[in-house]
Amino acid sequence: MSWFLQDVSNFLQQLIPNPISMFLQYRFSPADFEPRHGMGCKRFTLSSGDTHSILSTFDILSYNVNNVASSSPTRTRLILRAIFSSGANIILLQETNPAWETLLRDDAAALQFDHVYFHHPRLEGIDHPPDRPAGGIAILSQYPLKDITIVDFTEDVSGSVFPALICKAILPLSQLSSEILALSNEVHNVCISIANVHLRPPVEMDGSAWLSTARITEPIRLAEIKGLVRRAMSTGFSLDGSGIQQPELNIIGGDFNEGDCGAALSYLCTTLGYIDALQQYVPRRKETHTWPFIRNLLTLRKRLDHILWRNELLAVTTKGGKTLCMLQLKCLGCGVITGYETGASDHQPVLSRFGLVW
């Protein structure tokens with residue numbers, strides 16, 4: 001009975017809008033961020049009283065574009081506008097397919113996204129369960145990418161259907177403090193490790209969903225995240241003060257298919273020390289996904305899309321690989337871009353700004 005009551009409670013929370021939303025409408029656009037060109041060596045003070053400099057900023061967008069939407073010119077126009085008007089430097093996409101790749105590549109090249117990677121899983125196979133057409137995943141970057149790896153969870157996690165993508169982005173530092181420039185006058189870079197995930201949806205394998213489906217599929221999403229962490233540790237890890245192995249994943253974004261208190265998110269935040277930028281900056285009343293049902297008479301509102309980050313040090317290196325100093329990664333803001341709640345994807349674009357702090 002307790003599980004049933006919990007399932008009913010979760011369903012009602014998704015069905016009944018937050019009363020605050022009726023009086024205080026959420027609004028966010030990329031213009032709400034401070035212009036990046038004014039951020040070089042900007043000074044700010046932490047609550048501890050320490051003063052630091054923001055040497056460089058970059059924006060990351062996560063967006064599930066909906067694989068079916070690629071066949072609708074009206075929907076694709078809105079989705080492409082959301083993506084390329086966001087001002088993001090790195091774009092993480094879920095549910096891409098060959099049609100989406102064709103639509104995206106031309107605009108990406110025109111806007112200097114010179115580094116792109118698309119992965120379309122096999123739709124059928126002998127050794128693997130059929131991946132749904134929604135299993136595509138992609139990254140578009142204005143920065144060079146390396147060590148791109150596709151993580152297939154289906155080999156180790158029963159019930160998993162979608163792969164994840166891990167890569168490293170090489171960020172050039174165009175504005176440096178005099179202290180760093182005194183160390184070397186070579187070109188300076190910072191390497192950021194990123195994961196793009198699309199965890200198991202809270203639906204049955206046949207596409208149906210019941211009150212208990214989100215709870216029943218939750219262990220699958222947790223297993224997928226743990227598998228992602230193990231894969232990251234196999235290529236490199238760091239040790240925190242407690243001696244616990246930590247994955248070399250600075251940022252994890254994508255469609256987690258679970259809300260703020262889901263098992264996968266709780267594991268990352270509580271056990272591994274990640275911070276969810278959505279929870280950090282976006283009020284709980286704002287959803288990232290809507291799901292109409294009963295012939296569109298009712299709509300469920302969920303917070304399924306997240307961008308997580310770790311408050312850790314990153315090495316500034318020269319082109320030759322020499323480490324000069326360490327910078328700290330900070331999330332400076334996050335928002336769900338409004339204006340795309342209907343007529344585009346069933347998900348909404350989530351934009352986060354990060355800073356490299358000296």
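Guide: Let us begin with a stretch to treat with care, residues 236-246, over which pLDDT stays under 50, and keep in mind throughout that this is a predicted model.

Visitor: How many contacts beyond four places in sequence does the model have for residues 236-246?

Guide: For that stretch the model has 16 such contacts.

Visitor: And which elements have the lowest and the highest mean pLDDT?

Guide: Among the elements of the protein chain, the lowest mean pLDDT, 44, belongs to strand E9, which covers residues 237-239, while the highest, 98, belongs to strand E11, which covers residues 251-255.

Visitor: What does the protein chain average?

Guide: The average pLDDT of the protein chain is 83, and 77% of the residues score at least 70.

Visitor: Okay, new topic: what does the secondary structure come to?

Guide: The protein chain has eight helices and 18 strands. It is made of 358 residues, of which 50% count as buried. If you take the contacts between residues at least 6 apart in sequence, 69% of them join residues at least 24 apart.

Visitor: Is Phe 58 buried or exposed?

Guide: Phe 58 is buried, because its relative accessible area is 0% and the cut-off for buried is under 20%.

Visitor: Let's turn to helices. How do H3 and H4 pack?

Guide: Helix H3, residues 73-84, and helix H4, residues 98-110, pack at an angle of about 40°, and their axes are 11 Å apart. The two helices are therefore oblique to each other, and H3 passes H4 in a right-handed crossing.

Visitor: Which residues make the contact?

Guide: From H3 the contact uses Thr 76, Ile 79, Leu 80, Ile 83 and Phe 84, and from H4 it uses Trp 100, Leu 103, Leu 104, Asp 107 and Ala 108. The residues of this contact between H3 and H4 divide into eight nonpolar, one polar and one charged.

Visitor: Back to strands, then. Where is Gly 136, and what does Gly 136 touch?

Guide: Gly 136 is in strand E5, residues 136-141, and at 2% relative accessibility Gly 136 counts as buried. Leaving out residues up to four places away in sequence, Gly 136 touches Gln 94, Glu 95, Thr 96, His 119 and Pro 121. The C-alpha atoms of Gly 136 and Pro 163 are separated by 8.0 Å, with the two residues 27 apart along the chain.

Visitor: Glu 95 was in that list, so what can you say about its phi?

Guide: Glu 95 has a positive phi of about 65°, although it is not a glycine. Glu 95 lies in strand E3, residues 90-96, and with 10% relative accessibility Glu 95 counts as buried.

Visitor: And what about Gln 112, where does that one lie?

Guide: Gln 112 lies in the loop between H4 and strand E4, residues 115-119. Gln 112 also has a positive phi of about 65° without being a glycine.

Visitor: Buried or exposed, for Gln 112?

Guide: Gln 112 counts as exposed, because its relative accessibility is 58% and the cut-off for exposed is over 50%.

Methods: Residues are numbered from 1 along each chain as its sequence is written. This is a predicted model: local features need pLDDT of at least 70, side-chain atom pairs count only at pLDDT 80 or more; totals for chains, interfaces and linings use all residues. Side-chain values use heavy atoms; hydrogens and water are left out. Axes are lines fitted to C-alpha atoms, for helices over the stretch in contact, and angles run from 0 to 180 degrees between N-to-C directions. Helices (H or I, at least four residues) and strands (E, at least two) are DSSP runs, numbered from the N terminus. Angles under 35 degrees count as roughly parallel, over 145 as roughly antiparallel, 65 to 115 as roughly perpendicular and the rest as oblique. A crossing is left-handed if the near helix is turned anticlockwise from the far one by less than a right angle, and right-handed if clockwise. Contact means heavy atoms within 4.5 Å. Ala, Val, Leu, Ile, Met, Phe, Trp, Tyr, Cys and Pro count as nonpolar, Asp, Glu, Lys and Arg as charged, and the others, Gly among them, as polar. pLDDT is the predictor's confidence in each residue, from 0 to 100. Buried means under 20% relative accessible area, exposed over 50%, partly exposed in between (1.4 Å probe, protein chains only).
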